Amino acid sequence: MRNDQTAARAGAKQLNLMQVEVPAIHPVDLHIGQQIRIRRIQSNVSQTDLAKGIGVSFQQVQKYENGKNRVSASMLYEVASYLKMPVATFFEGLPEPGTGDLSLVAANVDERIAYISTAEGRQLIGSILQLPPRVRSRLLSLVSALVAILSGNEPP
């Protein structure tokens with residue numbers, strides 16, 4: 001009988017542990033992380049190189065980029081210094097404090113970041129950048145027309 005009670009208590013403890021809520025990622029932390037990823041990729045810097053440059057592990061850089069770990073002000077300064085850009089760059093796209101819905105900000109950037117982070121996305125962007133500006137503009141018009149047709153709308 002004693003083993004049954006011990007097993008029941010252990011099961012109850014396990015159940016309580018599973019009910020612990022994981023705090024949601026604050027939209028600003030997610031936005032800052034996404035901006036770090038965008039700027040790092042634009043600068044053609046790997047997570048490993050950035051990590052070495054700012055004195056953390058590449059896993060820590062991953063956590064910063066996905067918003068799981070908040071970036072302190074001093075660390076954000078280090079990231080900006082390593083990537084040679086102003087700290088304010090990481091706040092671009094955020095509404096002024098108290099003036100907007102933050103949940104929409106992170107959602108808009110997330111899908112683009114995910115694609116840019118893939119090998120296909122980087123290859124596409126690299127190839128497009130090799131085209132003359134006029135051809136890039138026409139390619140954009142073509143892609144926009146395709147999207148409109150495929151979504152059932154009239155092309156612009």
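Helices (H or I, at least four residues) and strands (E, at least two) are taken here as DSSP runs, numbered from the N terminus. The model is predicted, so that local features need pLDDT of at least 70 and side-chain atom pairs count only at pLDDT 80 or more, while totals for chains, interfaces and linings use all residues. Residues are numbered from 1 along each chain as its sequence is written, and side-chain values use heavy atoms, with hydrogens and water left out.

**Exercise 1. Determine how many helices and strands the chain has, and what share of its residues is buried.**

Solution. The chain has eight helices and zero strands, and along the sequence these give the pattern α-α-α-α-α-α-α-α. Taking buried as under 20% relative accessible area, exposed as over 50% and partly exposed as in between (1.4 Å probe, protein chains only), 24% of the 156 residues are buried. With a contact defined as heavy atoms within 4.5 Å, 58% of the contacts between residues at least 6 apart in sequence join residues at least 24 apart.

**Exercise 2. Find the buried residues of α3, and say which helices they pack against.**

Solution. In α3, the buried residues are Gln-47, Leu-50, Ala-51 and Ile-54. Seen down the axis of α3, they fall within an arc of 100°, and therefore line one face of the helix; the arc is that of the directions from the helix axis to the C-beta atoms. These buried residues pack against α2, α4 and α5. Just after α3 comes Gly-55, which takes a positive phi of about 80°.

**Exercise 3. Describe the buried and the exposed side of α5.**

Solution. Helix α5 spans residues 73-83, and Met-75, Leu-76, Val-79, Ala-80 and Leu-83 are buried in it. Down the axis of α5 these residues fall within an arc of 140°, so they line one face of the helix. The face turned away from that buried side carries the exposed residues Ala-73, Ser-74 and Tyr-77. Among the elements that cover the buried residues of α5 are α2, α3 (47-54) and α4 (58-65). Just after α5, Lys-84 takes a positive phi of about 55°.

**Exercise 4. Characterise the lining of the largest pocket.**

Solution. On a 1 Å grid over the protein atoms alone, a pocket is an open set of points where a 1.4 Å probe fits, with protein on both sides within 12 Å along at least five of seven lines, and lining residues have an atom within 4 Å of a point. The largest pocket holds about 330 Å³ of space. It is lined by 14 residues, of which Ile-41, Gln-42, Ile-116, Arg-122 and Ile-125 are the closest to its centre. Helices α2 (27-42), α6 (102-116) and α7 (119-129) each supply at least two lining residues, and the largest share, five residues, comes from α2.

Methods. Points joined across faces, edges and corners; volume = space filled by probe spheres on them. Nonpolar A, V, L, I, M, F, W, Y, C, P; charged D, E, K, R; others polar.
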